[in-house]
Amino acid sequence: MEQQWPSARVAILFSRTEPSVSLGAMSLPRYRPYEATAADFQIGLKPMDKSQWLDLNGYASYLPQKRARLAADSQRYYRSLPSSLAAQGELLQAVTAHLLEHHGAEFASDGRRLTCRIDGVTHDLEAAQEPLLTLSQFIVEDFVILQEEAGKIVITAAANPYTSSGRIIASVGGGIPWAHEPVPGLNDKLGPRIDRILVNVREGVPAERFNWLVTAIGALLFPADSHAANAAASAEMARILADDPGRCGELLFIRAERQTLLRLPQTGAVAFSIHTYSDPLSSIARHRESLTGMAAALASYSPERLGYSAMTGLRDPVIRWIEQQLAELADPLPA
Ligand code: HEM
């Protein structure tokens, strides 16, 4: 049976404890893409510093959950085509090399095994399983592999425990327009540009972009029926917040996805990574740029865009909450 998450307890059940950046007494989310969001949909791609490809933020608490999810229900969160195996192997090597070069304090290898000093787990790099499954055991990021077949970009493998819709796994064997099809208007507005970008990802020039939404679910891993669960939790929360928007900060979460694109030189495949961050909405309560950026973005979103992200009922309370925070920021400090 599909799982539902009713009641205001949702936010408490899913609360998360690892805000990312400390600014005095305030912990700000590590990435704040809403500060720059200006339209319904944005390409928002920018060059990425190679040393920043993989982020260990949240490793110790998150990796056990990720491993458990993949072990318990790999059909739902993992899929691959045989044609992806060479690219998977290249990705495993690239990931391992990156960890040793840029996170040498946390990882060590004897060539055959990789040991993580954060959680003390040793991984067999030649384990009898697909390389994408192996690397999924020791990095926070989800990965999708894209390859050109008969002149078209095909999603050939994906490990996606972070999913909020199930769409990426369902898209293995298909193309990006099919993956984007449930997002209203996205293919019409940006489809051809996204295809061009993916074909033109240059070796040695990785890029990153962000998505974000506001949700009643604070857990990094959404319940199994992710899209419906989020919609149900957010609708329930919207009813509470309509009368009491002052509680938005404590009951809602900002879910931000950092995505990177990197061309693998030998196979020519593109590795697309996803790292999800969840922070309480209250984490931006004292940050003017985040507040004004988020309010402007939410105010500009079309009803379809809001509906797709299950933010229809949350938009007005969140904007009222933001106005309250901005008013408090404007107040002079008490003598
Ligand atoms: C340059 C590359 C890409 C761009 C610019 C892009 C853009 C977007 C945008 C604007 C959205 C709407 C959601 C939002 O803004 O919050 C979206 C959603 C989505 N994208 Fe992409 N995308 C890219 C690559 C990919 C790739 C490689 C995949 C892999 C399969 C993918 C799968 C999806 C899915 C499944 C969604 C729906 C989100 C969900 O419900 O989980 N995208 N994308």
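Start by selecting helix α2, residues 59–72, in this predicted model. Its 14 residues, at 1.5 Å a residue, should span 20 Å, and the end C-alpha atoms are 20 Å apart, so the two values agree.

Next, show the side chains of α2. The buried residues are Tyr-59, Tyr-62, Leu-63, Lys-66, Arg-67, Arg-69 and Leu-70. They cover an arc of only 165° around the axis, which means that they sit on the same side of α2. Ala-71 and Ala-72 are exposed, on the other side of the helix.

Seven strands form an open sheet in the order β3-β10-β11-β12-β8-β9-β4, with antiparallel pairing. The edges are β3 (46–47) and β4 (78–80); each has a single partner strand, so one side of each is left without a neighbour in the sheet.

Now select helix α8, residues 186–199. It lies across β8 (142–149), β9, β11 (253–263) and β12 (270–280), and runs at about 50° to β11.

The last stop is the ligand. Which residue of the protein is a donor to its iron atom? Select His-180: its NE2 atom, 2.0 Å away, is the single donor from the protein. His-180 belongs to helix α7, residues 176–180.

Conventions
Residues are numbered from 1 along each chain as its sequence is written. This is a predicted model: local features need pLDDT of at least 70, side-chain atom pairs count only at pLDDT 80 or more; totals for chains, interfaces and linings use all residues. Side-chain values use heavy atoms; hydrogens and water are left out. Donors are N, O and S atoms within 2.8 Å of the metal (3.2 Å for Na, K and Ca); water is not among the atoms, so sites may look incomplete. Helices (H or I, at least four residues) and strands (E, at least two) are DSSP runs, numbered from the N terminus. Two strands pair if DSSP finds at least two bridges between them. Contact means heavy atoms within 4.5 Å. Axes are lines fitted to C-alpha atoms, for helices over the stretch in contact, and angles run from 0 to 180 degrees between N-to-C directions. The expected span of a helix is 1.5 Å times one less than its number of residues. Buried means under 20% relative accessible area, exposed over 50%, partly exposed in between (1.4 Å probe, protein chains only). The arc is that of the directions from the helix axis to the C-beta atoms.
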